[in-house]
Amino acid sequence: MKYYIGIDLGGTNIKAGVVSEEFEIVAKATCKTNLPRPAEEICADMAKVALEAVKQAGLTLDQIEAVGIGTPGTANSADGVIEYSNNLGFLDFHVVELMKTFIDKPCYVENDANAAAYGEYVAGAAKGANNAVCITLGTGVGGGIIIDGKIYSGSNFAGAEIGHTVIDPNGPQCTCGRKGCFEVFSSATGLVNMTKAAMEEDKTSIMNKMSEEMGKVSARTAFNAMREGDKAGKAVVDKYIWYLACGIANTINIFQPDILCIGGGVCNEGDPLLLPLKEQVAKEIYTKNSKKNTDIVIAKLGNDAGIIGAAFLGLAH
Ligand SMILES: [Zn+2]
């Protein structure tokens with residue numbers, strides 16, 4: 001059996017996993033990222049948790065084929081350099097070169113959303129697809145594009161920013177500087193903002209009582225209220241799905257992938273999200289009577305997608 005190390009470098013945690021050639025995570029280790037810190041220290045910690053995971057798996061480094069790192073920001077996968085990450089405070093950090101001084105194996109780096117998409121492609125909801133797009137609905141909206149089985153990241157490694165395509169030029173301000181980005185509406189943050197606005201508008205909505213009991217407004221509040229028969233809750237869900245369908249239909253019109261996979265906490269809602277979403281997307285896409293339309297599915301690997309995808313980055317380009 002062959003084994004690979006996948007590292008998911010995040011703003012809060014560094015996670016490493018040892019993944020078998022059958023895509024099973026056999027051991028995991030983690031530590032805090034503790035930002036802000038020098039890139040060199042963070043790299044040393046990535047190596048440390050990776051070695052910890054190898055030990056936990058009962059393996060030795062001899063049994064490891066390669067190391068892959070998924071990172072926020074722009075990762076130049078050809079040169080092994082994290083060119084820019086505002087989250088981590090990295091600028092032209094030669095991460096592959098440094099990692100090899102700790103673990104002398106082939107090493108690869110990739111943007112984290114691309115790595116997660118690759119994970120879903122090799123072992124999750126997009127398995128078997130030739131072309132796939134993965135969209136993660138979290139704090140923002142992340143995108144990863146697989147074309148002919150390879151990660152597509154544009155000519156400057158900064159591609160696949162599906163979240164920063166504009167849906168409404170007069171919409172709310174986005175963190176990227178534009179207005180009305182897909183991300184502003186369709187992220188979990190966007191859903192919470194829509195929910196808050198609706199609660200303000202209709203004080204009689206059960207959402208007010210629910211969020212008071214919970215101590216906060218969450219991305220689940222509107223869905224929960226809808227299930228209780230709350231009209232304002234249903235209106236928020238409908239509006240959220242309408243925007244999400246718009247962004248997804250745009251993406252399908254450009255890429256026409258075999259599979260478009262959506263992930264993130266919001267997707268735990270399951271069918272009440274997925275079924276009306278599919279219905280709306282079918283109305284909007286260009287290929288209304290194509291024999292083969294994009295299959296919209298929910299991501300399968302959850303937080304493990306990043307580790308699994310990173311582990312197999314050697315195959316991704
Ligand atoms: Zn934006």
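**View A. Pro36 in the loop between β3 and α1 (39–56)**. The peptide bond that leads from Leu35 into Pro36 is cis, with omega near -5°. Helices (H or I, at least four residues) and strands (E, at least two) are DSSP runs, numbered from the N terminus. The model is predicted: local features need pLDDT of at least 70, and side-chain atom pairs count only at pLDDT 80 or more, whereas totals for chains, interfaces and linings use all residues. Residues are numbered from 1 along each chain as its sequence is written, and side-chain values use heavy atoms, with hydrogens and water left out.

**View B. Strand β9 (residues 132–137) and its two partners, β10 and β12**. How many of the six residues of β9 are buried? Five of them are, and the strand is therefore mostly covered; buried means under 20% relative accessible area, exposed over 50%, and partly exposed in between (1.4 Å probe, protein chains only). Strands count as paired if DSSP finds at least two bridges between them. β9 and β10 (residues 141–147) run antiparallel and are joined by six bridges. β12 (residues 259–263) runs parallel to β9, with five bridges between them. Here Thr136 is opposite Gly263 of β12. In a regular strand, side chains alternate between the two faces of the sheet.

**View C. The salt bridge between Asp304 and Lys28**. How far apart are the N and O atoms of this pair? The distance is 2.8 Å. Asp304 belongs to helix α10 (residues 304–311) and Lys28 to strand β3 (residues 25–32), so the contact ties together parts 276 residues apart in sequence. Both side chains belong to partly exposed residues: Asp304 has a relative accessibility of 25%, and Lys28 has a relative accessible area of 40%. The structure holds nine salt bridges, each defined as a side-chain nitrogen of Lys or Arg within 4 Å of a carboxyl oxygen of Asp or Glu.

**View D. Salt bridges of Arg227 with Glu269 and of Glu41 with Arg37**. In the pair of Arg227 and Glu269, the closest N and O atoms are 2.8 Å apart. This pair links distant parts of the chain, since Arg227 is in helix α7 (residues 221–227) and Glu269 is in the loop between β12 and α9 (271–284), 42 residues apart. Arg227 is partly exposed, at 46% relative accessible area, whereas Glu269 is buried, at 12%. Elsewhere, salt bridges that share partners join Arg37, Glu41, Asp45 and Lys48 into one network. Glu41 is partly exposed, with 39% relative accessible area.

**View E. A negative surface patch of Glu21, Glu22, Glu24 and Glu65**. Where is Glu65 placed? Glu65 is in strand β4 (residues 64–71), and its relative accessibility of 34% makes it partly exposed. Patch residues have over 30% relative accessible area and no salt bridge; like charges are joined within 9 Å, nonpolar side chains (Val, Leu, Ile, Met, Phe, Trp, Tyr) within 5 Å. Lys and Arg count as positive and Asp and Glu as negative, while His and the chain ends are not counted. Each charge is placed at NZ of Lys, CZ of Arg, CG of Asp or CD of Glu. Accessible areas come from the Shrake-Rupley method with a 1.4 Å probe, and for residues only the protein chains shown count as cover.

**View F. Positive phi values at Asp92 and Asp148**. Asp92 lies in strand β7 (residues 90–93), and its phi is near 45°, a positive value in a residue other than glycine. Asp148 is placed in the loop between β10 and β11. The phi of Asp148, also not a glycine, is near 50°. Is Asp148 buried or exposed? Asp148 is exposed, at 54% relative accessible area.

**View G. Loop residues Thr12 and Cys174**. Thr12 sits in the loop between β1 (3–9) and β2 (13–20) and is exposed, with a relative accessible area of 51%. From Thr12 to Ala299 the C-alpha distance is 22 Å, for a separation of 287 residues in sequence. Cys174 is in the loop between β11 (150–151) and α4 (182–186) and is buried, at 5% relative accessible area. Between the C-alpha atoms of Cys174 and Tyr3, 171 residues apart along the chain, there are 41 Å.
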